Amino acid sequence: MHGVSLGQIINNIAEYIAVIELLSKSISFGIWSSIVRLDSEHILLQLTRVYAIRNPVLLRLFLRVRLLEREFDYIEYQHIPRHLNTLADAIASSMINRRLQ
């Protein structure tokens, strides 16, 4: 369980940064197989190449994810509906509260 305060940024950018952080940390811990669960179906569909990416900032982050994926033997992206993602909500709330203090 880990959270990082990113300040005020677009949700899609935050989702990509979270995936990049997760993959980077996994590599540093020697984890070569991962299932990444996302509550953003839009980002999931971009990462699985169903949706095209037109935003240049998101495209740059997407390409960073692709480079990190090369380090893995297996990686899978799964969608978890927002209402079932209470752990992520708790971490986000904790980070917001910490930032406001």
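Mentor: Tyr77 lies in strand S2, residues 74–79. Strands are DSSP runs of E, at least two residues, numbered from the N terminus. This is a predicted model: local features need pLDDT of at least 70, side-chain atom pairs pLDDT 80 or more, while totals for chains, interfaces and linings use all residues. Residues are numbered from 1 along each chain as its sequence is written, and side-chain values use heavy atoms, without hydrogens and water.

Trainee: Why is Tyr77 called buried?

Mentor: Buried means under 20% relative accessible area, exposed over 50%, partly exposed in between (1.4 Å probe, protein chains only). Tyr77 has 11% relative accessibility, so Tyr77 counts as buried.

Trainee: What makes the link between the side chains of Tyr77 and Glu69 a polar contact?

Mentor: The term needs a pair of N or O atoms within 3.5 Å; within protein, one must be able to donate a hydrogen and the other to accept it, and residues adjacent in sequence count only if both atoms are side-chain atoms. The Tyr77–Glu69 pair is at 2.5 Å.

Trainee: How do you know that S1 and S2 pair?

Mentor: Pairing takes at least two bridges found by DSSP. S1 and S2 have 6, in the parallel sense.

Trainee: Which residues of H1 are buried?

Mentor: Ile13, Glu15, Tyr16, Val19, Ile20, Leu23 and Ser26. They span an arc of only 160° around the axis, so they sit on the same side of H1. The arc uses directions from the helix axis to the C-beta atoms. Asn11 and Ser28, on the other side of H1, are exposed.

Key. Helix = DSSP H or I, 4+ residues; strand = E, 2+ residues; numbered from the N terminus.
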